[in-house]
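Please look at the structure below and follow the text through the ligand site and then a sheet.

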Amino acid sequence: LNQITNRNPKRPPIVFHWVPFFGSAIPYGIDPYAFFHECREKYGDVFTFVCMGRKMTAYLGVKGNDFLFNGKLADLSAEEAYSHLTTPVFGKDVVYDVPNHVLMEHKKFIKSGLGFPQFRSYVPLILNEMDAFLNTSPEFGPGKEGIADLLKTMPVMTIFTASRTLQGAEVREGFDAGFADLYHDLDQGFSPINFVFPWLPLPRNRRRDRAHNIMQQTYLNIIKQRRSSPENPGSDMIWTLMNSKYRDGRNLKEHEIAGIMIALLMAGQHTSAATIMWALTLLGSKPEVIEMLYEEQKRVLGEGENFHVDFDKYKDLPLLNYVIRETLRLHPPIHSIMRKVKRDLPVPDSKMVIPAGSHLLAAPGYSATHEDFFTHAKEFCPERWGERPDDEENAEQIDYGYGLVSKGGSSPYLPFGAGRHRCIGEQFAYMHLTTIICKFVHDYTWTTVGKVPDVDYSSMVALPLAPVKIAWKRRD
Ligand code: HEM
């Protein structure tokens, strides 16, 4: 009755649903943006929907983005929204299994291992991994042309390139020797079913826990091995964490380093693999942009024997930068950002209060693809960024403990979030994606087979729906 009459004026309106507990899980799960759009038409920017027993209040638009990302620590908790999902995968005493101030210190340590000197050294490693992978992959291979399924190839290529750079040679070698299965078992811990029913005794959870223990042991062995060797080359992420100290002078414990390394592996893998697949398939639908990128790289990176992929010149490749930005505008990997509401939260300029104990949800991908903010909002138009000031760059900055972070939560475009939980992998992701697209444009021309795929929202990131095929030809 409460839903039909829908009337406690102090509460956000409740989205009508027939089945209690399940609520709006099906329309939200199938296409969250279409669901948000329909609800917004009926109820406005703020509404509550029931999803598998949870009360979720969505706050759409730039005000909603700001409300969530810049909410006070005492009001909103990411730990309480995510830890049931993340702790079994990453392990104890890291990410959302620690108080926020400890996470901020961990983010500061990670940031110090993600600087330009590291990125410079990562570019050739990525190119080598790509050569080895593409030349031997049955989908690409040494031939002159072919059809490749990006869903089969890009996640593997991403894990090889990301692990070789961020995780170091030992972990990369592990992926040639059985890590892939472990990674898969661990990754299953991130299924939507684990988000909803974390306590279910599923066989996959036993496999997840086993995989976590083996991966953790692998990192512990690497740390031991490195500690026992007198040399300390000192700059990859494991070394960076081994050499980091908390404000009170303590070193990180070994299991904390292992947990952070697992978290970094998972945080970067799906997001980057999804973005690469989307970028390549969107470019394949506009081959003229691929040729413009080719011209740009010839001008900046040289051609023929003089072609050299140089990290310090990435800033001179504006079109490639716009392609990545535009891909993340249309397809930000994370469609819903959530927080647990800790105290009753008044919604500004309204009589509504979001009650403590419920969840708050923002969807920056909704504003990023809305005509209110971007003309031809659903079209892939990388050039648009050349005409647009970057409002996030102009935003006020705050130091959360891991460096100055743009406060800019009121931007419509926030694929990396904002505020204290803002992504620290953005620059790594840009370096990684730029290198990969650069090499594709240099080595191949391609077109998307059929139309650009629809979105598959069934996993935790927004992936292109199978099949995701491109027809490629090797450039002479
Ligand atoms: C946080 C997106 C790549 C590590 C986030 C958040 C978003 C995001 C939206 C904020 C989550 C929230 O507020 O609840 C992305 C995208 C990526 C990407 C779109 C690539 C295209 C990476 C990579 C790494 C990474 C490569 C690691 C090297 C992290 C970490 C956090 C984070 C540590 C902080 C979590 C927190 O403070 O709660 N990312 N990410 N991400 N990301 Fe990324």
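In this predicted model, a polar side-chain atom of Tyr82 is placed 3.0 Å from an oxygen atom of the ligand. For Tyr96, the distance between a polar side-chain atom and an oxygen atom of the ligand is 2.4 Å. Lys107 also takes part: an N or O atom in its side chain is 2.6 Å from an oxygen atom of the ligand. The elements that each supply two or more residues to the shell around the ligand are helix H6 (100–112), helix H14, strand E5 (337–341) and helix H18 (426–443). Of these, H14 gives the most, with five residues.

The ligand is surrounded by 24 residues. Tyr96 and Lys107 are among the closest, together with Arg339, His421 and Cys423. By class, the shell holds 16 nonpolar, six polar and two charged residues.

The sheet comes next. Its three strands follow the order E4-E14-E11, with antiparallel pairing, and the sheet is open. Strands E4 (145–149) and E11 (444–448) are at the edges; each has a single partner strand, so one side of each has no neighbour in the sheet. On average, neighbouring strands are turned by 25 degrees against each other, direction ignored.

Five bridges join E4 to strand E14 (residues 469–474) in the antiparallel sense. Within E14, Ala471 stands opposite Ile147. Helix H14 (residues 254–284) packs on this sheet and touches E11 and E14. The direction of H14 makes about 85 degrees with that of E11.

Notes:
Residues numbered from 1 in each chain as written. Predicted model: local features only at pLDDT ≥ 70, side-chain atom pairs only at ≥ 80, totals over all residues. Heavy atoms only, no water. Pairing = 2+ DSSP bridges. Helix = DSSP H or I, 4+ residues; strand = E, 2+ residues; numbered from the N terminus. Axes fitted to C-alpha atoms, helices over the stretch in contact; angles between N-to-C directions. Contact = heavy atoms within 4.5 Å. Near = heavy atom within 4 Å. Polar contact = N/O pair within 3.5 Å; in protein donor to acceptor, adjacent residues only side chain to side chain. Nonpolar A, V, L, I, M, F, W, Y, C, P; charged D, E, K, R; others polar.
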